[in-house]
Amino acid sequence: MNNVSRRRFLKITGAGASVAATAGVLGSLPGLRAAKGPVEKGIRTVPTFCDLCFWKCNAIATVKDGVLWKIEGNPEDPLSRGRLCPRGTGGVGAHFDTDRLRAPLLRASVRGEEKWTEVTWDEALGHVAEKMLKIKAEYGPEAVALFSHGIGGTFLKHTLKAFGSPNSAAPSYAQCRGPRDAGFELTFGEAIGSPERTDIQNARCLVLIGSHLGENMHNTQVQEFADAIGSGATIIVADPRFSIAASKAKHYLPIKPGTDIALLLAWMNVLVGEGLYDKEYVAAHGFGFEAFASEVLPFTPEWAYPETGIEPDVIRETAREMARHRPATLVHPGRHATWYGDDAQRGRAIALLNALLGSWGRKGGFYQPASMNVPAYPYPPYPKPARGKVDNPDHRYPFASEAITTGIREATITGKPYPVKGWVVYATNLIQALPNEAETIRAIQALDLLVVVDVVGSEIAGWADVVLPEATYLERYEELNVELFREPFVALRQPVVEPTADQKPNWWIARELAVKLGLGAFYPWKTIEEYLDHRLKGAGLSLAVLQKKGLVSAPRPPIYYEEGVPPQFATPSKKIEFYSVQLKDKGFDPVPRFKRPAAGPPGSFRLLFGRAPVHTFSRTQTNPVLAQAMSENEVWLNADEAERAGLRTGDRVRLRNQDGVLSNPIKLKATQAIRADCVYLVHGFGHTAKGLRRALGKGASDAQLVTRYETDPLMGGTGMNVNFVTLEREA
Amino acid sequence: MSPVFSEFVTTAHSPATDPRLHVWGYEIPVYLFLGGFTAGIMVLSGWALWRGRRNPRPHPTFSLASSGLFMLGLATISLGMLALFLDLGHKAYVWRLYLTMKPWSPMSWGSWILLLVYPVLAAAVLLEPPARLVRLIPSIGPLSQRLADDMRVRRALGFVSMVTGIGLGIYTGILLSALGARPLWSSGLLGPLFLASGLSSSAAFAHWASPEPEERRQMAWLDNLFLVIELALIGMLLIGLASSTEAHAEAARLVLGGPFTAVFWIGVVGLGIVLPLVIQSLAVTQRIIHTPIAPILVMLGGLALRFVIVYAGQYSHWPRLS
Amino acid sequence: MARLGMVIDTRRCVGCMDCVVACKTENQTPEGMNRDWITYATRGRYPRLSMTIQSERCNHCDNPPCVSCCPTGASHVHEWGGFVLVTKEECIGCKACLASCPYDARYLHPDGYADKCTFCIHRVEKGQDPACVSVCPTRCMHFGDLDDPESEVSRLLASRKHHAVLPEAGTKPRIFYLE
C-alpha cells in the first residue's frame with residue numbers, strides 16, 4: 001500500500017468513523033436522534049451556557065448532521081476562558097440520557113412507591129393548579145413553598161410570588177454556602193457570592209481549609225488554582241484528607257476534623273502577637289481591633305496543638321508564610337461550609353484572618369465584582385403576602401440573609417408558625433440535599449401537594465404527586481445570566497437541539513401554571529424571545545446579538561482598592577468588624593471561640609464527604625458520558641485501619657451510622673491519604689430511585705447516613721459532618 | 001506494615017486490558033498446540049522421508065514413513081487455523097494478511113508459513129494417497145507412483161517438510177516473544193521450547209498410533225529425548241527470566257509461587273513431562289508395556305503448556321510504580 | 001520532518017478527567033472504552049505524602065512495537081508528523097498490537113478492529129490541538145513538534161525536569177511529563 005492510498009483510507013476512515021460513531025454509543029440509544037423533521041446536514045454551532053453545575057460557564061455546542069456532537073467552552077467567556085470542566089464537556093450526555101423523564105407523571109398509588117400514570121401537560125398542570133388553589137383557599141397562598149436550585153427556578157419563583165407566597169428557598173444557603181456568607185457579612189458587610197470573588201490567580205499564598213479544589217470542579221476556581229500553582233504561589237492546605245489540592249501544597253496540615261476554628265484562632269494569635277498583620281489596613285478600616293486582639297490572646301499555637309494535632313511550629317511557620325505574602329494572601333472561604341454547626345463563626349474566623357492580612361479588596365485577595373445593568377422585565381407588582389416567611393419565625397436565626405430550606409421543612413412538619421401544605425421542587429433532590437431524610441419524608445407526608453420539576457427521576461421525584469419533565473439546558477431558552485464577576489457580562493441560553501420527548505422548558509411550565517392559576521397578567525410577554533429581547537434592548541443589546549455571540553461583556557471596571565475602588569463596608573460600624581457588637585447583642589461570641597466537636601462512639605469513624613470533578617451532587621450519575629468516567633463512589637479508609645480490620649481495597653462494605661442506618665454496599669479504598677479517625681466518600685451516589693436505572697445501586701449515599709445535624713444558631717445552617725460510621729464487610 | 005506506602009490508581013478500565021491484558025482466550029493456546037503438533041509431524045515424518053523410509057503396509061498408517069500422519073497434519077493445521085480465525089475480531093478482513101508481507105511481524109511470517117504448510121503436506125500425501133482419493137481422482141494414482149519412486153523427490157519433499165515444520169514450530173514462540181510488553185514471553189527460548197513441545201507431542205502420538213512395534217519403541221525414546229530437552233528449556237527460560245530485570249523476575253514468579261504455580265508444575269511439568277518421561281523410560285527399557293497413557297499425558301501437557309504460557313503471559317506486565 | 005508529541009505539566013494537572021471526557025465526545029469512543037486515562041500515584045505514609053497525577057494515552061512512539069508486530073500493516077506510522085494510526089479496513093482484529101503495547105493504550109472496538117488515540121489527527125490537520133489538549137482547564141497539556149527547538153514543547157522540555165512512562169520498554173514514547 002503506498003502512502004497516498006493509505007492517506008485516502010485514513011480520510012475515509014475518519015469520515016466513516018464519525019458517522020458510524022455518532023451512530024455508535026450515544027446516537028444509537030433508542031429513539032434519541034435529536035432532530036425531528038427533516039434531517040439537517042453539516043456542522044452547526046450554537047452558543048449557550050452550561051447547566052451541569054451552577055457556575056454557568058459559556059459554551060459552544062456543535063451539532064453534526066442534526067445530532068448533538070460535542071460542547072466546548074466559549075473563548076470569549078471570562079468564566080471558562082474557552083475551556084469547560086469535565087461535566088460541561090460531558091453535557092452531551094444530559095441530552096442522550098436514557099433515564100430522562102419523558103412525560104408528565106401523576107402519582108398512581110401511595111407516595112414513594114414510584115408508580116405513575118403518564119398524562120398530558122394540560123392534565124398535569126391543571127391538577128397542580130387545582131390543588132394549589134385549594135390550598136390557597138384553605139390555608140392561604142403562603143402555604144405553598146418553592147424549593148429551587150439554579151437559574152432555571154427564576155420563572156417558577158415569579159409564578160409563586162404572583163400566587164402570593166413569600167416562601168422560596170434554595171438548599172445552597174442552609175446546606176452549603178450560607179455560613180461562610182454570614183461570617184463574611186458580619187465582618188465585611190458583604191457575602192462571598194458565587195462565583196466567589198476570590199482573586200486566586202493573583203494570590204501569592206493560597207490557604208485552603210478543607211476546600212478540595214481540583215476535585216471540587218468550579219471551573220474558574222480550578223483554572224486560577226492551576227495558574228497560582230504555575231506561578232509558584234505557596235499553597236497551604238488544612239484537611240483531614242490528603243486531597244488533590246493537598247498534593248499541590250507546600251504545607252499540608254493533617255488537621256483533626258472539626259477543629260479548624262482552633263487553627264484559625266492560633267494563626268490570628270501569631271499574626272497579632274508577632275505584629276505581622278497589615279497594620280495600616282487594620283488601622284484604616286478596622287473596628288474593635290483592640291478588643292479582638294485581647295480575645296485571641298489565649299489561643300496560642302501551643303493551645304491549638306492538642307485540639308488540632310498540628311504542631312505549634314508548623315502553625316507559626318505557616319502564619320509567617322501567610323504574612324510574608326500579604327496582602328496577596330488569600331484564605332479561601334470555601335464553598336460547602338455546613339460542617340459542625342459553628343460554621344458561620346468559622347466563616348467569620350476566615351474573614352477575620354483575611355482582614356488581618358489585608359486581602360479584602362486587594363489584588364490576590366478578594367476583589368469587588370461588578371455586573372452589567374440589564375433591567376428587569378416590567379411586571380405588575382406582586383400581591384403582598386398576608387403572612388411573613390415561614391422559614392425563620394421571629395428571626396430565631398438572626399443573621400440568616402436568605403431563606404432556610406430546613407426551616408420550611410420544619411414548619412411543614414410542625415404546622416408552626418403556620419401550615420405549609422404544598423411544595424414545588426425545582427431541580428434539587430431534597431432527599432439527598434437536606435440532612436436527615438426521615439424528616440424530609442415526614443414533611444412530605446404532611447403535604448397536600450408535592451410537585452417536582454426535574455430532568456431525571458431522582459429520589460425526590462419518587463415521592464411526588466406530580467412529576468414534570470424539564471427539557472435540558474441544551475433544549476431550552478433560559479432567564480438571562482447577568483453575571484457578577486471580575487468582568488461583567490450578560491449571557492444567553494438558547495436551544496441547540498430538540499427535546500427528546502415531551503419535556504418542556506421551565507419558563508413554559510411556570511407560565512402555563514400561572515395561566516391555569518389565573519395569573520396570566522404576570523406573563524405579559526407572548527414568547528420567551530420577546531421577554532429576552534425586551535430585557536436586552538434595555539441594556540442596548542438585542543436577542544439577535546446574543547443568539548449569535550452567546551455573551552456580551554462589558555469592559556473590566558476597577559476591582560481593587562489599589563485601582564480606586566472605595567473601601568465600603570455595610571456593617572453597623574461601617575468598618576471591618578474585628579469585634580462584632582451585633583453578635584454580642586444577640587448573645588453570640590463577638591470574636592469566634594472554639595468548641596471541641598463531640599466525639600463519636602468508640603471504634604467508629606467520622607463520616608466526611610466531598611466532590612468529584614466529573615459529577616455534580618446527585619444529578620449527573622445517569623449521564624452516560626459522565627457515568628463512564630465515574631460510575632460509583634468508594635469509601636476512603638486509612639490503610640492502617642483497613643489492615644487492622646482485615647479489609648482491602650476493592651472489598652465491598654456497608655456503613656452503619658450511630659443511629660443504626662445501614663448504607664448500600666460500597667467499594668472500599670484503603671489509602672494512606674486520610675486520617676485514621678474518619679472516612680470519606682463522594683456525595684451523590686447510592687441512588688435508590690427506580691427511574692435512575694444507570695445509577696441504581698451504584699455506590700453508597702452519604703446523605704442517607706446524615707441522620708444527625710447541628711444547626712448553626714446564627715443563620716440556621718445544618719452542619720452535617722457530625723455522623724459516625726462503622727464498616728461491615730458485605731458478604 | 002510497610003515503611004513506605006505506594007498506591008497506584010488508574011481510571012483505565014477498557015475491557016481488554018483491565019485489570020490485566022486478556023485479549024486471547026482458548027483459541028490461541030489451542031492453535032499453538034495444534035500448530036506445534038503439526039510442526040512436529042512435519043519434522044519427524046519429513047525426516048523419515050528424507051532418510052528414504054517407506055511404508056511397509058499396503059495402506060496409509062500413522063507410521064512416520066506413511067502419509068497417514070501427513071493427512072492428520074492437514075486436519076490438525078486446519079483445526080488450528082479455524083481456531084485462529086475464530087479469535088479474529090475483524091474476520092471479514094482476514095484476507096488482508098495475504099496482500100502484504102511484513103518482515104518485522106512474526107504473525108505475518110506465520111500467516112505465510114501456514115499457507116506454505118498446505119502444499120507441502122498435500123504433496124507429501126500425494127506420495128502415498130489414500131485409496132478413496134485415488135478412486136475419486138484416478139489420475140492421482142500414476143502421478144503419485146512416479147513421484148514416490150523418485151528418490152530425489154522424496155528427499156526434497158522430506159527436506160522441505162522438515163524446514164517448514166521447524167519454521168512452523170518456532171515462529172509461534174517468536175510471535176509471543178516479539179511482544180516485549182509481556183515480560184513472561186520475553187525470551188529467545190520460547191521458540192525452541194514450543195518446537196520441542198510440538199516435537200514431543202507428535203512423537204508421543206506416533207508412539208501411540210504407529211502400527212510398527214520397533215517404531216513405537218523408537219518414538220518413545222525420541223519423545224523422552226524431546227521431553228528432557230523441553231524440561232531443560234523450561235528451566236533455562238525460568239532462570240533467564242528470574243535473573244533478568246524486576247519485570248521479568250516478577251513474570252517468572254507467576255509460576256514460582258504466583259497464581260499459575262499449581263497448574264504449571266502439576267499440570268504442565270508433573271503430569272505433562274515428568275510422569276510420561278518415567279513411564280516411557282520404563283517402557284523403553286521393557287520393564288512395562290507400552291500404553292497410551294504416557295502419550296496422552298504428553299499431548300495434554302503440551303496443550304496445558306500453551307494455555308499457561310498464553311494466560312500467564314497476558315497477566316505479566318511492566319510494573320508501573322517507579 | 002515534524003515529530004509531534006505532548007508535554008504535560010503534572011504540577012498543574014489535578015486529574016479532573018476533562019481530557020478523558022473530551023476525547024470521548026470528540027471521537028465518540030465506544031461505551032466503557034477510552035483512548036486516554038488518568039493515573040494517580042501516591043507515596044508515603046500519612047501525613048507525609050506525595051501524589052503524581054498523569055494524563056496518559058498512546059505515546060505515538062518513535063519505536064512502536066504495535067506497528068512492527070502488525071501482520072497486515074493496518075497499524076502504521078503516518079506519512080507526516082509521526083502519528084501512529086490504524087487503518088481499520090486493513091485490520092483483522094488479531095490483537096497482537098494490543099498485546100505488544102506496554103502502555104495498554106489500545107482497545108478492540110466493538111466492530112472488531114484495533115483502536116486508540118490518534119492525536120486527533122483530524123483536528124491537527126486543521127491546525128487545532130488534540131481535543132484533550134484543547135479542553136484542559138488547568139492548561140497543563142501542550143502539543144507540538146518535538147523536532148522544532150523553538151516549539152513550546154521543545155522549550156518546556158529544555159527548561160524543566162521531565163520523564164516519560166516506561167522508558168525502559170524501549171519504545172521511545174513521545175509524551176513527556178514535567179515534574
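In which sense do strand 6 and strand 7 of chain A pair, and over how many bridges? Point 2 takes this up.

1. **The model.** This is a predicted model, in which local features need pLDDT of at least 70, side-chain atom pairs count only at pLDDT 80 or more, and totals for chains, interfaces and linings use all residues. Residues are numbered from 1 along each chain as its sequence is written, while chains are lettered from A and ligands numbered from 1 in the order in which they are written. The predictor gives the complex an ipTM of 0.97 and a pTM of 0.93. Chain C has a mean pLDDT of 97. In chain C, 100% of residues reach 70 or more. (pLDDT is the predictor's confidence in each residue, from 0 to 100.)

2. Strand 6 (residues 144–148) and strand 7 of chain A pair in the parallel sense, over two bridges. (Two strands pair if DSSP finds at least two bridges between them. Strands are DSSP runs of E with at least two residues, helices are runs of H or I with at least four, and both are numbered from the N terminus.) Phe147(A) has Ala169(A) of strand 7 as its bridge partner. Both strands belong to an open sheet of seven strands, in the order 5-4-15-14-13-6-7. The pairing in this sheet is mixed. Strand 5 (116–118) and strand 7 (168–169) of chain A each have a single partner strand, so one side of each lacks a neighbour in the sheet.

3. **The four-strand sheet of chain A.** Another open sheet has four strands, in the order 10-9-8-12. Its pairing is parallel. The edges are strand 10 (251–253) and strand 12 (329–331) of chain A; each has a single partner strand, so one side of each is left without a neighbour in the sheet. On average, neighbouring strands of this sheet are turned by 10° against each other, direction ignored. (Axes are lines fitted to C-alpha atoms, for helices over the stretch in contact; angles run from 0 to 180 degrees between N-to-C directions.) Strand 9 (residues 234–238) and strand 10 of chain A pair in the parallel sense over three bridges. Ile236(A) stands opposite His251(A) in strand 10.

4. **A helix pair in chain A.** Helix 9 (residues 260–273) and helix 14 (residues 343–357) of chain A pack at an angle of about 20°, with axes 10 Å apart. That makes the two helices of chain A roughly parallel. (Angles under 35 degrees count as roughly parallel, over 145 as roughly antiparallel, 65 to 115 as roughly perpendicular and the rest as oblique.) The crossing of helix 9 and helix 14 of chain A is left-handed. (A crossing is left-handed if the near helix is turned anticlockwise from the far one by less than a right angle, and right-handed if clockwise.) By class, this contact of helix 9 with helix 14 has 11 nonpolar, one polar and two charged residues. (Ala, Val, Leu, Ile, Met, Phe, Trp, Tyr, Cys and Pro count as nonpolar, Asp, Glu, Lys and Arg as charged, and the others, Gly among them, as polar.) Helix 9 of chain A contributes residues including Trp267(A) and Met268(A). Among those of helix 14 are Arg346(A) and Leu353(A).

5. **A helix pair in chain B.** Helix 7 (residues 190–209) and helix 8 (residues 213–242) of chain B pack at about 155°, with axes 8 Å apart. That makes helix 7 of chain B roughly antiparallel to helix 8 of chain B. The crossing of these two helices of chain B is left-handed. Their contact has 16 nonpolar, three polar and three charged residues.

6. **Where chain B meets chain C.** Here 39 residues of chain B are in contact with 41 residues of chain C. (Two residues are in contact if their C-beta atoms, placed from the backbone, lie within 7 Å.) Strand 1 of chain B gives the most to the side of chain B that touches chain C, with five residues. By class, that side of chain B has 21 nonpolar, 14 polar and four charged residues. Strand 1 of chain B also pairs with strand 2 (residues 36–45) of chain C, in the antiparallel sense over five bridges. Thr39(C) is the bridge partner of Thr10(B).

7. **Backbone points to check.** The peptide bond from Lys416(A) to Pro417(A) is cis, with omega near 0°. Pro417(A) sits in the loop between helix 15 (405–414) and strand 13 (422–426) of chain A. The peptide bond from Asp18(B) to Pro19(B) is cis, with omega near -5°. Pro19(B) lies in the loop between strand 1 and helix 1 (27–50) of chain B.
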